[in-house]
Amino acid sequence: MADSDNSMTLPFVTRRRVLAGGMITSTALVLEKSALASNGAATSTLPDPALTLWREWETAHTLTERLCRSQQRMETRLVESVGFPCVTVRLPEGGDVTIHSIEALNEVLGKGPDLTALRQKAEAELAALECGCRGDRLHRRAQGRARGWR
């Protein structure tokens with residue numbers, strides 16, 4: 001039992017060491033930038049290709065984050081004004097189930113012929129809600145308030 005397969009020691013990495021590495025890298029970038037700015041001859045040489053790629057990536061990443069936040073704000077406004085299309089289906093066993101998609105409807109009710117009428121009614125209601133053909137704005141707003149939205 002003195003033998004063990006776990007004889008390899010793990011590297012000693014702490015948050016302090018990771019932060020210190022980040023500080024060293026950022027300091028090196030600042031020093032490189034200031035050295036290039038102060039030395040006129042050095043500005044004529046080409047910059048490090050990895051640094052150029054990193055700057056391009058950082059610009060693209062910043063744009064992606066900004067667009068992601070914008071999309072999240074628009075989705076929030078959409079949900080607050082319209083809500084999620086859903087249909088409450090009363091099962092033959094007596095319970096109620098809230099359905100948000102045709103796939104969920106098929107999963108809950110199955111494809112059996114005994115529930116065809118119930119499935120068709122729920123599909124029609126869900127399709128009407130998805131295309132916005134049914135339900136007035138006050139009804140949807142009341143549903144949203146019941147869910148805790150304003």
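Here is a walk through this predicted model, from the overall layout to a few single residues.

Residues are numbered from 1 along each chain as its sequence is written, and side-chain values use heavy atoms, with hydrogens and water left out. Because the model is predicted, local features need pLDDT of at least 70 and side-chain atom pairs count only at pLDDT 80 or more, while totals for chains, interfaces and linings use all residues.

For the protein chain the mean is 75, and 65% of the residues reach 70 or more. Helix α2 (residues 49-82) has the highest mean pLDDT of the elements, at 93, whereas helix α5 (residues 137-146) has the lowest, at 51.

Now for the layout. The chain has five helices and two strands, taken as DSSP runs numbered from the N terminus (helices are H or I, at least four residues; strands are E, at least two).

Next, the inside. A residue is called buried under 20% relative accessible area, exposed over 50%, and partly exposed in between (1.4 Å probe, protein chains only).

Some of the buried residues form a nonpolar core, meaning a set of buried Ala, Val, Leu, Ile, Met, Phe, Trp, Tyr and Cys residues joined through side-chain atoms within 4.5 Å. The largest one has ten residues: V87, V89, L91, V97, I99, L105, L109, L115, A122 and L126. Strands β1 (87-90) and β2 (96-99), along with helices α3 and α4, each supply at least two residues of this core.

Take a closer look at two of its members. L105 touches V89, I99, G110, R119, A122 and E123, leaving aside residues up to four places away in sequence; a contact here means heavy atoms within 4.5 Å. L115 sits in the loop between α3 (102-109) and α4 (116-131). L115 counts as buried because its relative accessible area is 17%. With residues up to four places away again left out, L115 touches P92 and L109. Its C-alpha lies 9.3 Å from that of L91, a residue 24 positions away in sequence.

Finally, the cysteines. C86 is buried because its relative accessibility is 12%, while C68, at 38%, is partly exposed. The disulfide count is zero, where a disulfide is a pair of cysteine sulfur atoms within 2.5 Å.

Terms used: pLDDT = per-residue confidence, 0-100.
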